[in-house]
Amino acid sequence: MLSQRFTEALNYATQLHANQVRKGSGVPYVAHLLGVASIALEYGANEDEAIAALLHDAIEDQGGAATREEIRRRFGENVTAIVDGCTDADTTPKPPWRSRKETYIAHLATASPSILLVSAADKLYNAQSILRDYRILGESVWQRFQGGKEGTLWYYRALVIAFQKTGSNPLFDELERVVAELEVLTSLYA
């Protein structure tokens, strides 16, 4: 069961991301955080992993090193390590998109099971959102992404391959199904 720590993390994440919205949709960013935590919990997350799911973008999007130290103070080393493992850049400006994504993919090969769980939950939520938005918006959805259509599809396929190389997992299988559906749908209308 989830304790008061989870509630505290939910409140903290909501405060951190209060003024942030999802790319191109205007949906409050907290919806993404709740969705990732939900997926992680559905695939067996413990409380530290669920807290990290709520905070997985906090270092990257909301303060870098100072936020990392606040997460460490509030939620401990384990949660901080998971959030760090889900962070693809904590500097401003961020490194170039492609090299940042290649580095992130490469690090999955040695990531802990907790990092893999939270990261895959995040990527599954994102892939589901892209698929849903593509059905509604068509090709214009790619304007939201630095990698455009080609880069985004490359990134998600590369993530699937990287996750699957770490072992068998129903979460990775679900990510593969969503990415494959997105690839088929986008090729039909190419």
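Colleague: How do α8 and helix α9 lie relative to each other, roughly parallel or roughly antiparallel?

Modeller: Keep in mind that this is a predicted model. Here α8 and helix α9 (residues 170-188) pack with their axes 10 Å apart, at an angle of about 155°. Angles over 145 degrees count as roughly antiparallel, so α8 and α9 are roughly antiparallel.

Colleague: Is the crossing of α8 and α9 left-handed or right-handed, and which residues of α8 make the contact?

Modeller: The crossing of α8 and α9 is left-handed. On the α9 side, the contact includes Phe172, Leu175, Val179 and Leu182. On the α8 side, it is made by Lys149, Leu153, Tyr156, Arg157, Val160, Phe163 and Gln164.

Colleague: By class, how many residues of each kind does the contact of α8 with α9 have?

Modeller: Tyr counts as nonpolar in this scheme, so Tyr156 of α8 goes in that group. Sorted that way, the contact of α8 with α9 has 9 nonpolar, 2 polar and 5 charged residues.

Colleague: Which residues in α7 does α5 meet?

Modeller: The crossing of α5 and α7 is right-handed. By class, their contact has 4 nonpolar, 2 polar and no charged residues. From α5 come Ala81, Ile82 and Gly85, and in α7 they meet Ser114, Ile115 and Val118.

Colleague: And α3, at what angle does its axis cross that of α7?

Modeller: α3 passes α7 in a right-handed crossing. The contact is made by Glu49, Ala52 and Ala53 of α3 and Ser114, Leu117 and Val118 of α7. The axes of helix α3 (residues 47-55) and helix α7 (residues 113-137) come within 10 Å and cross at roughly 45°.

Colleague: Now the largest pocket: which residues are the closest to its centre?

Modeller: This pocket has a volume of about 780 Å³. It is lined by 34 residues: by class, 11 nonpolar, 9 polar and 14 charged. The closest to the centre are Arg22, Lys23, Tyr29, Asn126 and Phe145.

Colleague: Which helix gives the most to the lining of the largest pocket?

Modeller: α4 (58-61), α6 (97-107), α7 and α8 (148-165) each supply at least two residues. With 8 residues, the one that gives the most is α7.

Methods: Residues are numbered from 1 along each chain as its sequence is written. This is a predicted model: local features need pLDDT of at least 70, side-chain atom pairs count only at pLDDT 80 or more; totals for chains, interfaces and linings use all residues. Side-chain values use heavy atoms; hydrogens and water are left out. Axes are lines fitted to C-alpha atoms, for helices over the stretch in contact, and angles run from 0 to 180 degrees between N-to-C directions. Helices (H or I, at least four residues) and strands (E, at least two) are DSSP runs, numbered from the N terminus. A crossing is left-handed if the near helix is turned anticlockwise from the far one by less than a right angle, and right-handed if clockwise. Contact means heavy atoms within 4.5 Å. On a 1 Å grid over the protein atoms alone, a cavity is a set of points where a 1.4 Å probe fits but cannot get out, and a pocket is an open set with protein on both sides within 12 Å along at least five of seven lines; lining residues have an atom within 4 Å of a point. Grid points are joined across faces, edges and corners, and a volume is the space filled by probe spheres set on the points. Angles under 35 degrees count as roughly parallel, over 145 as roughly antiparallel, 65 to 115 as roughly perpendicular and the rest as oblique.
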